[in-house]
Amino acid sequence: MDFEIDRYFPDENQTYGDSGRASFEEKRPLYLSGARHFMNQYGEIIHSRHDGDADGVWVVRTIAEMVDILMKKLFQCIISDVRYQSGGREQITLVATGGYGRGELNPYSDIDIMFLHNGKDSRRVEDIAQKILYFLWDMRLDVGCSVRTLHDCVEMSNSDMTVKTALLDTRYICGNRTLLKDLQKTVLTQIMTKGSDAFIRQKVSELEVRREKYGSSVYLLEPNIKEGDGGLRDLQTALWIAKVRFKVTEPRELVMKGVLTEQDLETYEGLLSYLWRIRNELHYLAGRRNDQLTFGDQSKVAAFLGYKDRGDQLGVEDFLRDYYLHATRVEQFWSLMVSKCLCRDDASRKILGYLVRRPIGDGFYVIKGELTIPDENMFIENPALLMKLFEYAQKHDVEISMHAQNLVRRNLHLMNDKFRRNREVNQSFFAILRSHKKVGSTLKKMHYLGFLIRFIPEFERVYCKAQHDLYHMYTVDVHSLFAVEEIIRLVNGEHHEVLPLLTTLAGEVAKRELLLLAVLLHDIGKGEGGNHSEKGAEMMPTIARRLGLTKEDSERLEFLVRNHLRFAHIAQRRDLHDEKMIIQFARQMGTSETLKMLYLLTYADLKAVGPEIWTDWKAMLMEELYEKTFAVLERGDFKYEVGSDRVKNVRKDVLRLLENEYPSAIVKEELRALSIRNLLSNPPAVIAEEVRMLLALGDSPLLTRVQHAADGSYSNVTICTLDVSGLFSMITGVMAANGMNILGAQIHTSRNGKVLDVLQVNSPQGFIFTDPARWERMEEDLRQVIQGKIQVQTLVEKRHRPSVLIEKVKPRFPTVIEIDNEVSDDYTVIDIYTHDKIGLLYCISSTLTRLGLYIGIAKISTKIDQVADVFYVKDIFGQKLTSDEKLVEIEQRLFKAIDES
């Protein structure tokens, strides 16, 4: 682009009246106005070209060029003014550093400059630097500035890695060229020659620290495209270490020296341009510097880049998949450069190799902790060795050399259907899964090199596949690999103190390799759209035949994939005291081995979604489901126990526990009033405690008891009162008004009109409330509401509970309401899936109350911005809801209430 700046600036020799030539300060307002107009006009042109498909390289280079023009003009004006006023010919150079030094400026990037001088006329140099810096600040530009001599640069680089790195990216703007040439010569011959290996290791270490801060995976939900894994900083660091190792100043020189191929250089430049284009758009969208590809911005960037929805497939998910693919290539390029910079020359390596190499079989060797391949044709001659490579690396606990990794990538074309059905290959694969060490890291390496998606081609459909919601932190493929690692942690006993049952079960599974295969493939159907559990299960027979599985193992694999959501669904959304439901579930499982595997798969699936998804509350529910189902499977007859005998035994046990505290007559009366479900759902000790509370109620309007779970994840809140219409909606409203999150509720109404509701409660952030005053306020609010002294709606509106949602743009999923009369003999079950919002549970429960429904059980499940609430309800006569007209009315009223709340 041709820039014309002179027409924006007044003549340097302009005079003011009789005072002679005007000073810079007198002309400063005109200069400032002109500079702003120049930057605004050309900035808008660049923005419009960006909107019109200009590539990332052009935009960043052109912005840097525009700033160069401004810097030169400003420098010339100020130098001219200083020299006119006081004479002298100071030696000074204006130098671009950092990203600006590389000629790479995004719309709102920092602009780093250095005033390099010879040490003479320091005051005048400081004056010039100050004038330019203040001027740029008044233009609202984000400028970093330093004033240094050549000696300063050498001294500071010896103690400050940031300065040392910045000196790699210096570029002449204007002034004395000789000064910068001397600096660049010193950088190459003195600063970078000393300790080049240490510099490279330091940069690798910095990258690890950066990944800890910004995320150690390229597949994060909201990647930082500059500092995150697979971002711009990885490419910049790769160039820095190459400059130091190979003494070059431009990437093109790496091709001339044989370090990179032309294709490597094209890859590097293409990756840079892609990331720059995204970063440019993020800056323009925010109107400021912004490097986080936030959830809210992802759809906007996708639309800008031309991605469109295709049926059920979201355009933003296609964009994210492409982004993650690019980030993976960035990571691979970074690894390539590190290996080239750290490895010794080939001749010395070969000599050393023959002296210290350790043969491990099939032509593989270990040299200095790395598995190496001396014969580059071995894979062509025997493709099965591709799988053996990973087996040997795992078995001997060594890394695969970069040379060997590159050979794997170059020979992936050898992995055809014959390779996948090869018995030796499959035996090696299952040996990897059966191993007691490095299973997860070996599968990750297979995935990283593109080997896994060639061996199991169906897995390619979920490769880098994003799910655009706030629940799933990782892409489908990486989530599956993380899930495998969660099983391995259990097998290794890493969680034996907090998860003793799961740890024991992981050690008991007869075919761990089959379990790990199911975990790896459980979400493979997400690449097909629709019901991913069914789609994935349909792929299993083909995959199983290819891998040589037995019919029994194939069927179990298919079952686990098809039902991998079922265990969590039952545990979190169904009444675990319903013996009929438990027996049906046990019948589905068939064997205790299948039950164990499904339980372990469910744990791994949830744990691998994100660190906060597996909670102690979920753990308790799932352990309860497992133990009850396992007991039925061990019993083997799949028959109901005789309820009347169990009720009699429970009543006798409770009477015995309370015989020294109350007259037996009043205890019997209270027990007769309790619902049969309550008596069969709890052990005698719990029933006895409930009876104590019911008897203590007397004439009081309300009694409450709070007991904190031992692990500190939730509190059991028992509320004892007399039954009134809409009691549960009152409770949910008061809880919401007090910022309390309800996880579950069991509602017990006695025949004598007393109510005992037990709720599991914590904060929206997942911890318990320990301040007694908080619970006292909740109790007092509930008392006031029950006595009619205050309306619950008033409380809710007055004290909104803290939102559990992150204040960001979130997708709005359509509300789904399902009504089921089959799952329970006693209740109609209403499942509600919707977008979370303040007071939602109160909104739903109060609507059900107005419909004349009695809520017997409530289960609440929140996935970041989505909720799945379940209500077991009856009509006012204690019957299930069977009228089609009533069911339609319930559904319509709930939809309306949720939409309007």
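Residues are numbered from 1 along each chain as its sequence is written, and side-chain values use heavy atoms, with hydrogens and water left out. Because the model is predicted, local features need a pLDDT of at least 70 and side-chain atom pairs count only at pLDDT 80 or more, while totals for chains, interfaces and linings use all residues.

The chain has an average pLDDT (the predictor's confidence in each residue, from 0 to 100) of 88, and 92% of the residues score at least 70. Where pLDDT is low, the predicted coordinates should not be read in detail.

Helices (DSSP runs of H or I, at least four residues) and strands (DSSP runs of E, at least two) are numbered from the N terminus. Helix H36 spans residues 772–786; its 15 residues reach 21 Å from the first C-alpha to the last, close to the 21 Å expected at 1.5 Å a residue, where the expected span is 1.5 Å times one less than the number of residues. Burial is assigned by relative accessible area with a 1.4 Å probe on protein chains only: buried is under 20%, exposed over 50%, and partly exposed in between. The buried residues of H36 are Trp775, Met778, Glu779, Asp781, Leu782, Val785 and Ile786. Seen down the axis of H36, these residues fall within an arc of 160° (taken from the directions from the helix axis to the C-beta atoms), so they line one face of the helix. Pro772 and Glu776 are exposed on the other side of H36. The cover over the buried residues includes strands S9 (702–708), S10 (715–722) and S12 (754–762), together with helices H35 (727–737) and H37 (792–798). Just after H36, Gly788 has a positive phi of about 80°. Gln791, in the loop between H36 and H37, is exposed at 54% relative accessible area; its C-alpha is separated by 9.9 Å from that of Asp781, ten residues apart along the chain.

A nonpolar core is a set of buried Ala, Val, Leu, Ile, Met, Phe, Trp, Tyr and Cys residues joined through side-chain atoms within 4.5 Å. The largest has 178 residues, of which Phe364, Phe379, Leu389, Phe429, Phe451 and Phe455 touch the most other members. Helix H13 (residues 315–342) supplies the largest share of this core, 14 residues. A second, separate core of 47 residues includes Val717, Leu848, Val867 and Leu887. Beyond four places in sequence, Phe455 touches residues including Met387, Met415, Asn426 and Arg546. Asn426, in helix H19 (residues 423–434), is buried at 5% relative accessibility.

No disulfides (pairs of cysteine sulfur atoms within 2.5 Å) are found in the whole structure. The sulfur of Cys174 is 11 Å from the closest cysteine sulfur, in Cys77, too far for a bond. Cys174 is buried, with a relative accessible area of 8%.

Most residues other than glycine have a negative phi. Asp121, in the loop between strand S2 (111–117) and helix H4 (122–138), has a positive phi of about 50° and is partly exposed at 40% relative accessibility. Cys464 has a positive phi near 60° and is buried at 0% relative accessibility.

Technical notes. Contact means heavy atoms within 4.5 Å.
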